[in-house]
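This report describes selected features of the structure shown below.

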Amino acid sequence: MSEDQVDGLGMSRPRDANYGLDVMDLRKIMEHHKHEGYEYIQEKYGGVLELCKQLYTSPNEGISGSPVDLEDRRKTFGSNVIPPKPPKTFLQLVWEAIQDVTLIVLIVAALISLGLSFYPRSEGEGSDSSESEAGWIEGVAILGAVVVVVLVTAFNDYQKEKQFRGLQSKIEHEHQFSVIRGGQDKNIPVGEIVVGDIAQVKYGDLLPADGLLIQSNDLKVDESSLTGESDHVKKGVKTDPMMFSGTHVMEGSGKMLVTAVGVNSQTGIIFALLGASSEEGDKDKKKEKKDKNRLKGEEGNGDIDSITPVITGNNSHNNATNANNKTANQGEEDEKEQKAKVETARKEKSVLQGKLTKLAIQIGYGGTAVAVLVVLILIVKFCVIEFGIEGKSWGADDTAIYIETFVFYFIIGVTVLVVAVPEGLPLAVTLALAYSVRKMMDDNNLVRHLDACETMGNATAICSDKTGTLTTNRMTVVQSYIGRAHHKSTPNFNSLAPPLQDLIVRSIAINSGYTSRVLPDKDGGLPQQLGNKTECALLGFILDLGQQYYPIREEVPEEALFKVYTFNSVRKSMSTVINMKFGYRLFTKGASEIVLKKCNYILDCDGKPKPFTMEDQEKVVKNVIEPMAGDGLRTICVAYKDYHTDSSTKTEDSEEILKPDHDWEDEDSVVRNLTCILVVGIQDPVRDEVPASIKQCQSAGITVRMVTGDNVNTARSIATKCGILTPHDNFLVLDGKEFNKRIRDAKGEVSQELLDKVWPDLRVLARSSPQDKYTLVKGIIDSKKSSSREVVAVTGDGTNDGPALKKADVGFAMGISGTDVAKEASDIILTDDNFTSIVKAVMWGRNVYDSIAKFLQFQLTVNCVAVMVAFFGACIINDSPLKAIQMLWVNLIMDTLASLALATELPSPELLKRKPYGRTKALISRTMTKNILGHSIYQLIVVFVLLFAGNNLFEIDDGKYAKIHAPPSQHFTIIFNTFVMMTLFNEINARKIHGQRNILEGLRRNPVFIGIWIGTFVAQIILVQFGGTVFSTKALTLDQWFWCVFLGVSTLLWGQIITTIPTSVIPKNICRKRKTPEVEDEEEEEVEEVDGMPGRRGQILWIRGLARLQTQIRVVNAFQMDFDTSQLDSYDKRSRPSVISLQSLQSAQHRSAISKKPNLASSPEIDEGNNRSPLFGRQDSIPYADE
């Protein structure tokens, strides 16, 4: 075997030998299930250990891990990566950008205008030859502007995709898995796992590859993502050794031999089939669409499909087996599926997205009305003057001129619509979110669902775990109760009786996860705790006693354990059975009040078992456990029991004779009549920075609640130290039992009415189960007791926290102590498990919300003025003072650059000095409305004064009533330049939206804003001085420039005057019309229907333009994942390519009971009475921990 050895330990394939199996052999093994798989392996290969030999790996030491061996295995069996869908090319993004209907209309109008400019015509009276020569310039300029719009949009999309793929790769790298290589435990990124690795499986893991069990302890797996069955599957080496990628470990632990990775695993095979099925489905749909169009003569639905890509795959398991099956009623199913998708999209909107949707619809209506009016007024007025008053007739020679005039008017109308719809808004949303996400990584917030960013800014309540979040998660035993003596410090080991010494060391060393270890620090600092922190505290206690636990574990290796009852949230304890000469010994440890109730005996100072009566238990609880809990300590009881196979060996009453037919699976009959060895008090200090952070939350209007598994006294003590409770408060501190008693009606069902009486005053929920946590979160979200409706954030680390994390508006998973299941259910991962990071997330969330509000204030002022100028210009002078190309410049450059400038503001501490907005508060506040109206009035007055008196004031030629293609005038150039200057300086005003006077505060911290502002100013100078006919401008003198800039600067002074006006002058209902909840619900349905784009045809122009707008608002999520899988679960669809949960594929057909919550107040929650979550009752992640 020496040839196989590399680097001392672990195995690798010798150069002159081949692996005993190939990819197809391993794939065939994994096609078998349950006991059938075990029998197949035994018959064909002689068992799992023989397979290990053929794959040149050791069950105990693993593979060598040498680079040569790893590369060899990747070449032979493949790497653990499912290749992601290739990104869209720049040209594809250009093609998508050009699908915008408003751009298409502009292109057509510009082409008509361009064609007519070359149409030969007789020169009429007063016409200038230079005018006809310049006729083509406007058409070309508009086409050029459209090209720039398309290229900028495509480039932005390209950059966003690049950014989010980078984010995806970071998330992939974050996911690590424990393997044995070279005889050592190592955590490696899942993408580096190879066939032959020995993987260590534990509760809460999301399996990254297929494998076969070598050893297991009470292992249960959730395979619903593969089979659709919600019942947990019990795994065992002889009963069911098959482990599949994408499934969740819900209980127990074990070791498995990795047999298939990446595209060769069951997940990879199904995804490959799903991809093929999806492509076929797309082709069928296109063909179907063409047939429908040919038969009905109706327009296709292509633009909608491009917005909502269709996935034909339903349940992933079905796709794998029946990928090519087509049913006769496919079209009907697709229709149902599309409706389901609209329903799903409706529920997954964030608070801000819902508000933006309503706002965009309202702007669309207004913009469309003004645009249509402008075109009608221009055409009607022209016809009345031309044919009515002047009495001209439409001759053949005049056709081209008249059509060109109408096209010119039409272009003005379309341009008004383009300006009215805030195209820069989705870009501002995207940039604000993308920028925030990148910066939040530095603040230990790994954002997985981008909309969680801004939702967190609206949070009104945080339900936080205790361990690791509010505390340091560095646990140490500081008190103990041994031999009926209470020790306030570590006792002298030699003073303890020998029987006690042996039992203490062995009970802790053996009855702990073997992955939990305490290692000395290389730099001489505090010892390094690996694995479960509670177990590490107990192992540290052994070390503090001057003993070692390693020799015991070597004497009793994990494979030698007879039976393990792993920790879960129901047991709140862990038990291990080992073989002894006399029979068996059971060790148990867990929550003190639970384990003590099972103890009938207790060891005295001599290590002898003595009866432990109810009175004795009450004394221990009162004199030992409660004082420990009062000091904020977590109390753990350790006990044991001996089972004798022969009655002759029994010496104590505490020992029991084992019956021949004893059922070891019946835990209740095994773990009873125990003998208490010791009780310990474990200290987990409150993080130094937490009290200040909680105070910040409270001043920011956010209520912090602690939800913990610890007992009431410990929880109350920690909550007081954190500042959640203060001595004079009358807030509630409840345990799970009392909480359920108060909120359930006579039938035992949760009553929202009863819950509404509890949650407002509840601050600590102790000894809570995951279901209690879910009930509390759901109750607060569904409650209508507070006028603004609560927005709830939740932290969790355990497998069973999944339902609460999913239900919450924002779910925070612990990056260090959290399980894969918790991380998958979350929206944001706290990479440092620290509550302070949540406060930073609140700050960033509010900053995102404010950034978008700032941009809206700026954008709506620009739009309002531009639209009104165009409208009144058309009514009075038959022309818009701002030319089409100039409005496109304002719309494109100013909007794009302004969105970038205002979206990159850094958050300031003052964000935490105000209350959250809540769900129902209008996006545009009364202060913003005052600013928009005030600045619009000022700018309109300036523009119209310049329009009607500017030629006299500046002593220049009048530019009004000019003919089509007339040369640019200084008059209209001054109007355009002044408008841009006012807009530029108003951008500085827009930095503040809460009535602050100092608009320059914090400006130096935003170099992006300064750079963009100066760049736009310079670009405007170049455009005015050298734009010429292309931009309808004529160079201005220095004196004229001075007046333009002066009128622009005056916007800043005017802003101060507006700030002085009290906000109370703006009526409340101008921002928010008061409605009954029923009316709100109905309106929301209408809004969502437009957003969902049901197939109504021949609608007004704005609907399609707005459909693109709505899609762009959610573009962040699209780029976060594969583009054509937008209906998959938002995490899985762009999750680690090496292990993608198939649960998401199932949900494409039917949403699970733990579907993502609706965020809008007007989207009522679906009835969940019959949809009890399959996650309830699953194993928790941390033994004896509070979560």
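## Terms and basis

Relative accessible area, computed with a 1.4 Å probe on protein chains only, sorts residues into buried (under 20%), exposed (over 50%) and partly exposed (in between). The model is predicted, so local features need pLDDT of at least 70 and side-chain atom pairs count only at pLDDT 80 or more, whereas totals for chains, interfaces and linings use all residues. Residues are numbered from 1 along each chain as its sequence is written, and side-chain values use heavy atoms, with hydrogens and water left out.

## Positive phi angles

Asn-673 has a relative accessible area of 24% and is therefore partly exposed. Its phi is near 50°, a positive value in a residue other than glycine. Asn-673 lies in the loop between helix H23 (667-670) and strand S21 (674-683); helices (H or I, at least four residues) and strands (E, at least two) are DSSP runs numbered from the N terminus.

Tyr-56 is another non-glycine residue with positive phi, near 55°. The loop that holds Tyr-56 runs between helix H3 (48-54) and helix H4 (67-77). Tyr-56 counts as buried because its relative accessibility is 14%.

## Nonpolar cores

A nonpolar core is a set of buried Ala, Val, Leu, Ile, Met, Phe, Trp, Tyr and Cys residues joined through side-chain atoms within 4.5 Å. The largest such core comprises 64 residues, of which Val-416 and Phe-976 touch the most other members. Elements that give two or more residues to this core include helix H14 (351-389), helix H15 (399-420), H31 and helix H36 (1038-1060). Apart from this core lies another, of 63 residues, among them Ile-462, Ile-694, Val-712 and Ile-838.

Contact means heavy atoms within 4.5 Å. Leaving aside residues up to four places away in sequence, Val-416 touches Val-370, Ala-371, Val-867, Ala-870 and Met-887.

## Helix H31

Ser-851 belongs to helix H31 (residues 835-877). With 2% relative accessibility, Ser-851 counts as buried. Beyond residues up to four places away in sequence, Ser-851 touches Ala-432, Leu-902 and Ala-903.

The axes of helix H24 (residues 690-699) and H31 come within 9 Å and cross at roughly 30°. Axes are lines fitted to C-alpha atoms, for helices over the stretch in contact, and angles run from 0 to 180 degrees between N-to-C directions. H24 is therefore roughly parallel to H31; angles under 35 degrees count as roughly parallel, over 145 as roughly antiparallel, 65 to 115 as roughly perpendicular and the rest as oblique. The contact involves Val-690, Ser-693, Ile-694, Gln-696 and Cys-697 of H24 and Phe-835, Thr-836 and Val-839 of H31.
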